[in-house]
Amino acid sequence: MKPHGRLWLGVGLVILVLAARLIPGPRTIDDSFITYRYARNLLAGEGFVYNPGERVQGTTTPVYTLLMAGLGALTGGTQAPFPWLALGVNALADAATALLLVRLGRHAGARWAGWAAGLVWAAAPYSVTFAVGGLETSLYVLLLTGAVCAYVEQRRVWTALLGALAILTRPDALILALPLGLDRLWRALRKGERLGWGEVLALALPGLAWGLFATLYFGSPIPHSVQAKLEVYRLGANEGLIRLLQHYATPFFENLWGGAWAIGAGLLLYPFLYLVGARRAARVQPRLLGWLVYPWLYLLVFAVSNPLIFRWYLTPPLPAYFLFLLLGAEELLSRLLRVDAAHARRAALAAACVCLLPLVSTLGEWRLRPDGGALRPAPHMAYIELERLYRRAADELAPQLTPQTRLAAGDVGVLGFFTPAQILDTVGLNSPVSLGYYPLDPAAYVINYAVPADLLVEQQPDWVVVLEVYGRRTFLQDARFLNQYRLWKTLPTDMYGSQGMLIFQRAAP
């Protein structure tokens, strides 16, 4: 392809990425509002805190939090439009990732697979949902992909810096940083590619600076939310592995039209295609080895640790997974159709299959009029019904609350952002005191989370806002709680099998 043609294709790809995120508009996820509250408190002079006066590192994304605070300072301060700021950053980050996939495809020897991966990334629900949802996922994936591209092109200082920033955006970036680092050390020791002070400092200084600050400010460099997520939720022994295998079996949402048969076929087909593509890429560019193993190392780490797999945990391995399995498809189709320079029609057919079939399958997850939020096209999985429900609760409660009021909740993002209250986070992400009440008896759980009765009875928040299913076998069965609190309002919902969202007020002594 001529350079002029590649330029216009790149422009078209960027436009597609931006449109796929700007058309849905913000559909902000509850966890994003936690980051926004940290950023807003920074701008208000309260410090890097969720609750003023409580130094708890409840966010795992200091880079994104500081970025939101910095952009907020330029666009209204504490009144900054954080959901739109996040959407703008995420849309640009995803556009850059799509272009990097094209570039990495060329490094891997692909004719069309890089463009195909960029095209799928443009519309991928696991990309779009969290871009419009306001999470750090898009920036995180860009930093990972940029580090890989810089490594392949031997831009060593950039590799180290982007890797360090990725780790400070989400700590699981270590899953990619480790194989890249080992490959770099092997090349330094066995191939004479000497380590430079620039790359060492670029890797070490950001982490050391944040680690020192976090230790002095919070008491530990490890985010408190990491411990909370591992201790609070109740999961089956292999739940994480099963969810990840389903995800890897249906990267283009084949289950929507193929059902269980598509999942079974995908478990066999896509690892095979990935192996074919990875083998070709490794021959063409051995520096891609760390990225080649990353999706499988990611699966292994999360399957073994078995945390609750939030939807956004499924996004980071997708760029590599898309590229190499599509490269495998390109390789097989080229051989099957005997594609060469003399057979333009065969080449066009193979290119169309590699580029368009995954995209068409992926678009099956989009809806012209999604449930909840603005009635504009968006992925079906970008649902925000729970967030809308919490926003309704926040709006009804706000006149009752002051900065001294203490409000307990299991999902604290929306409530924390749209009310002035001090938040008692019953999951413990932002409230360390909550972790002392876990683990619970397995019989206390209806789903994977439950609010301990003792936590509410002993901590005595002024208000409690929870889905009924979180307390069905705990505080709603506890006479102490029922004596201390009165049901103020029930908001109808069947979310997670709940019988409403319950708002309790503590009775006057």
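Buried residues make up 56% of the 509 residues in this chain. Buried here means under 20% relative accessible area, exposed means over 50%, and partly exposed is in between, with a 1.4 Å probe and protein chains only.

A word on the source. This is a predicted model, so local features need pLDDT of at least 70 and side-chain atom pairs count only at pLDDT 80 or more, while totals for chains, interfaces and linings use all residues. Residues are numbered from 1 along each chain as its sequence is written, and side-chain values use heavy atoms, with hydrogens and water left out.

Overall shape next. The chain has 21 helices and 7 strands. Helices (H or I, at least four residues) and strands (E, at least two) are DSSP runs, numbered from the N terminus. The C-alpha atoms fill a box of roughly 85 × 55 × 45 Å along the principal axes.

Now contacts, meaning heavy atoms within 4.5 Å. Take contacts between residues at least 6 apart in sequence: 70% of them join residues at least 24 apart.

On to the inside. The largest nonpolar core has 160 residues. Such a core is a set of buried Ala, Val, Leu, Ile, Met, Phe, Trp, Tyr and Cys residues joined through side-chain atoms within 4.5 Å. Which members touch the most other members? They are Leu288, Trp291, Phe324 and Leu407. Helix α4, residues 82-107, gives the largest share of this core, 12 residues. Look at Trp291. Next, Thr65, in helix α3, residues 62-74. Is Thr65 buried or exposed? Thr65 counts as buried, because its relative accessibility is 0%. With residues up to four places away in sequence not counted, Thr65 touches Thr35, Tyr38, Ala39, Phe48 and Thr59.

Salt bridges now. Side chains of opposite charge can pair when their charged atoms come close. We call it a salt bridge when a side-chain nitrogen of Lys or Arg is within 4 Å of a carboxyl oxygen of Asp or Glu. How many does the structure hold? The structure holds 19 salt bridges.

Start with Asp94 and Arg21. Their side chains meet at 2.7 Å, N to O. Asp94 lies in helix α4 and Arg21 in helix α1, residues 3-22, so the pair ties together parts that are 73 residues apart in sequence. Both Asp94 and Arg21 are buried.

Next pair: Arg287 and Glu193, also joined by a salt bridge, 2.7 Å from N to O. This one links distant parts of the chain. Arg287 is in the loop between α13 and α14 (289-305), and Glu193 is in the loop between α9 and α10, 94 residues apart. Arg287 counts as buried, at 10% relative accessibility. Glu193 is buried too, with a relative accessible area of 14%.

Glu330 sits in helix α15, residues 318-336, and Arg280 in helix α13, 50 residues apart. Glu330 is buried, with a relative accessible area of 1%. Arg280 counts as buried at 14%. Salt bridges that share partners join Arg280, Glu330, Glu331 and Arg335 into one network.

The chain exposes about 21,800 Å², and carbon and sulfur atoms supply 64% of it. Accessible areas come from the Shrake-Rupley method with a 1.4 Å probe, and for residues only the protein chains shown count as cover.

There is a nonpolar surface patch of about 1,100 Å², and its residues include Leu178, Leu189, Trp197, Val200 and Leu208. The elements giving two or more residues to it are α9 (174-190) and α10 (197-218). Which element gives the largest share? That is α10, with 5 residues. Patches are made of residues with over 30% relative accessible area and no salt bridge; like charges are joined within 9 Å, nonpolar side chains (Val, Leu, Ile, Met, Phe, Trp, Tyr) within 5 Å. Val200 lies in helix α10. Val200 counts as partly exposed, because its relative accessibility is 35%.

Last stop, Leu256, in helix α13, residues 255-284. At 46% relative accessibility, Leu256 counts as partly exposed. Leu256 touches Gly364 and Glu365, not counting residues up to four places away in sequence. Leu256 and Ala398 are 142 residues apart in sequence and 41 Å apart in space, C-alpha to C-alpha.
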